[in-house]
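This report describes a ligand site and a helix beside it. Please look at the sequence and the model before reading on.

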Amino acid sequence: MELDQAGIRALMDITARPELVFTSGTGSWIQDHQGKRYLDFVQGWAVNCLGHCPPDVVRAINEQSQRLLNPSPAFYNQPSLDLARRLTQASCFDRIFFANSGAEANEGAIKLARKWGQLHRNGAYKIITFIDGFHGRTLATMSASGKAGWDTKFAPQVDGFIKAPFNDLEAVEALIDDETVAVMLEPVQGEAGVVPAENDFVRGLRELTQQRNMLLIVDEVQSGMGRTGKLFGYQHAGIEPDIMTLGKGIGAGVPLAALCARESVSCFEHGDQGGTYNGNPLMTAVGVAVFDALTAPGFMESVNARSQQLSSGLLTLSDKWAMKGERGAGLLRALVLDGNDAGEIANAARDRTPEGLLLNAPRPDLLRFMPALNVTADEVDLMLSWLDESGAAVRG
Ligand SMILES: *Cc1c(COP(=O)(O)O)cnc(C)c1O
């Protein structure tokens, strides 16, 4: 099959993409327009938690698409009730608002915190977020993100986000004033290069926010839905946040996200929040299928077994290549290189023949691994050997 150059010219050129068009996928494998297969350790950026075209998800789409697509967000539909009930039963949260993307869920979290501040904290509205944090690409979530330059791109942006260094409780405390309503963090900073929050730090934030009558918001768009080896990342620290956002894995590849809040914080009044597609039954039916797969007996045990295997395999490679080790949680992991050739290694892995390997290099000196949560032991071993080979090809 030829590349559709006219189609490519018709798309906005928003990122450098390889000259490949992906056409099909199954599990941990994806195929391009020329029929070449790739072992996929990107999985749509930690989105496809059950791999490509998982049968449970395909079945849910087929069945729901023949039953009801959209009654209107102003009416109840059963799949959204089924998913909301599951999420509240599995977490410390009582109320769910469904959204279509992680950024939209985070916008909702910011609005909810500000509303709570208006009602209970005399209009406090500032939210402490973190350097190198990532919360999305809308104006407010870019402003909340701690990526260098993101608070001035497309200025003027949304006011009220104060940046603290990650894993530094004293710095957070020093930034609090009467107008601070919340602290918002990723339990594992994903885009920053897979930097886990220390459990003590998270526990300290919980105590601090409670003492100062502030909210604790966890952005679990990447770390939630089993990615870190527990259903939700906050559970590693044994705390209960006030607000959580979910995205990515919750839909296993379809646009679904969620804003979760405890009853005492769930203060939207009619008209404050909504959206055309929010909670539509096609997406929430997928969410139910995904949730049931992730919480099936033995599933999380196998995530943790694959995590161990991946972690020790990466450490072995790091030692062999005299790199700087590996880190992460569950099946969100990173290999820290000793040079700035992560992009070259990822390209060499992709271009290897006859089969390629898809890896992500979010930083010049770091490779990120976010396979399907049901990746097999053989696939992890295969990835490790192809990574070794690709490293050798680049470094000679
Ligand atoms: C991906 C991501 C987002 C943004 O989600 P979108 O669905 O792309 O809007 C927000 N927060 C975190 C932690 C993410 O990883």
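Which helix gives the largest share of the shell around the ligand? Helix 5, residues 102–120, supplies that share with 3 residues.

## Basis of the model

The model is predicted: local features need pLDDT of at least 70, side-chain atom pairs count only at pLDDT 80 or more, and totals for chains, interfaces and linings use all residues. Residues are numbered from 1 along each chain as its sequence is written, and side-chain values use heavy atoms, with hydrogens and water left out.

## The ligand shell

Around the ligand (a heavy atom within 4 Å) are S101, G102, A103, N106, F134, H135, G136, E186, D219, V221, Q222 and K248. By class, the shell has 3 nonpolar, 6 polar and 3 charged residues; Gly counts as polar, and Asp, Glu, Lys and Arg as charged.

## Polar contacts

Polar contacts here are pairs of N or O atoms within 3.5 Å. A polar side-chain atom of K248 is 2.6 Å from a ligand oxygen. A polar backbone atom of A103 lies 2.8 Å from an oxygen of the ligand, and one of F134 lies 3.3 Å from a ligand nitrogen. Of the 380 Å² of accessible area that the ligand has on its own (Shrake-Rupley method, 1.4 Å probe), the protein covers 81%.

## Helix 5

Helix 5 (a DSSP run of H or I, at least four residues) has 19 residues. Its first and last C-alpha atoms are 26 Å apart, close to the 27 Å expected at 1.5 Å a residue, taken as 1.5 Å times one less than the number of residues.

Just after the helix, N122 has a positive phi of about 60°.

Conventions. A polar contact is a pair of N or O atoms within 3.5 Å; within protein, one must be able to donate a hydrogen and the other to accept it, and residues adjacent in sequence count only if both atoms are side-chain atoms. Helices (H or I, at least four residues) and strands (E, at least two) are DSSP runs, numbered from the N terminus.
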